[in-house]
Amino acid sequence: MSNNENIHLWQQQIADDGDEKAFASLFRHYYERLLHFCMQYVSTREAAEEIVSDVFVKIWNRRAGLGAISNLEVYLFVAVKNHSLNYLEQYSNLRITPLNDDSGLAGLTTTDPEKTMEWKEILFKMDQEVNRLPDQCRRVFKLIKEEGFKYKDVAEILNISPRTVETQLFRAMKRLNEVIGPFVSMKAKKK
């Protein structure tokens, strides 16, 4: 069974039967992704955890209407974004704190320590550069490149046009290529 089929099944089980196990599965499936997304808006992990938990509490409390939601994933991300913006408005603390997480290295399996260090260096520089992007540009980049959303879904989540999503992603990629491209080329010439 694919992820989409699982999500749809959980969604129906929660809406129709109030299935707590299905709800727990849905929560575990989305929690970390939603937390990382929320951290792009709020300044503390604790606030992000509270916001994501609140979204899930509201989902549970309104579970009877859950079956009517056509794209639950987009719905959850929009809900987290809206709760995050409400939080920022309430506390007017607009700092953004990136998560320090080496998950980008999880797929790196090399026994060459020099290559491992080079990859860590490249990923570190790229992470720094992504965090320097303007807010909207960074959010678009992360949703598409890290979360795997389609342009249309990102447009819906961020409440912007698909053309704006395309433009922001182009800007992000151009900036990253300008900064990281020469660094990667330099490393390649050493070989």
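**Gln-168 and its contacts**

Modeller: Setting aside neighbours within four places in sequence, Gln-168 is in contact with Gln-136, Cys-137 and Val-140. Bear in mind that this is a predicted model.

Biologist: Which helix is Gln-168 found in?

Modeller: Gln-168 sits in helix 8, which covers residues 162-190.

Biologist: And is Gln-168 buried or exposed?

Modeller: Buried, because its relative accessibility is 9% and the cut-off for buried is under 20%.

Biologist: What about Cys-137, buried or exposed?

Modeller: Cys-137 has 2% relative accessibility, so it counts as buried too. Cys-38 is at 0%, so that one is also classed as buried.

Biologist: How many disulfides turn up in the whole structure?

Modeller: Zero, from a search of the whole structure.

Biologist: Changing topic. What is the volume of the second largest pocket?

Modeller: About 320 Å³. It is lined by 15 residues, and those closest to the pocket centre are Asn-4, Ile-7, Tyr-30, Asn-71 and Glu-73.

Biologist: Which elements give two or more residues to that lining?

Modeller: Helix 1 (3-17), helix 2 (20-38) and helix 4 (72-91). Helix 1 gives the most, with four residues.

Biologist: How does the lining of that pocket split by class?

Modeller: Six residues are polar, five are charged and four are nonpolar.

Biologist: Now helix 3. How many residues does it have, and how far does it reach?

Modeller: Helix 3 runs over residues 45-61, which is 17 residues. From first C-alpha to last it reaches 24 Å, close to the 24 Å expected at 1.5 Å a residue.

Biologist: Which residues in helix 3 are buried?

Modeller: Ala-47, Ala-48, Ile-51, Val-52, Val-55, Phe-56 and Ile-59.

Biologist: What covers the buried residues of helix 3?

Modeller: The cover includes helix 2 and helix 4.

Biologist: Last one. Where is Ala-64 found, and is it buried or exposed?

Modeller: Ala-64 is in the loop between helix 3 and helix 4. Its relative accessibility is 70%, so it counts as exposed.

Biologist: How far is the C-alpha of Ala-64 from that of Gly-18?

Modeller: The two C-alpha atoms are separated by 7.9 Å, with Ala-64 and Gly-18 lying 46 residues apart along the chain.

How values were computed. Residues numbered from 1 in each chain as written. Predicted model: local features only at pLDDT ≥ 70, side-chain atom pairs only at ≥ 80, totals over all residues. Heavy atoms only, no water. 1 Å grid on protein atoms, 1.4 Å probe; cavity = no way out; pocket = protein on both sides within 12 Å on 5 of 7 lines; lining within 4 Å. Points joined across faces, edges and corners; volume = space filled by probe spheres on them. Nonpolar A, V, L, I, M, F, W, Y, C, P; charged D, E, K, R; others polar. Expected span 1.5 Å × (residues − 1). Buried < 20%, exposed > 50% of the residue type's maximum accessible area, 1.4 Å probe, protein only. Contact = heavy atoms within 4.5 Å. Disulfide = S-S within 2.5 Å.
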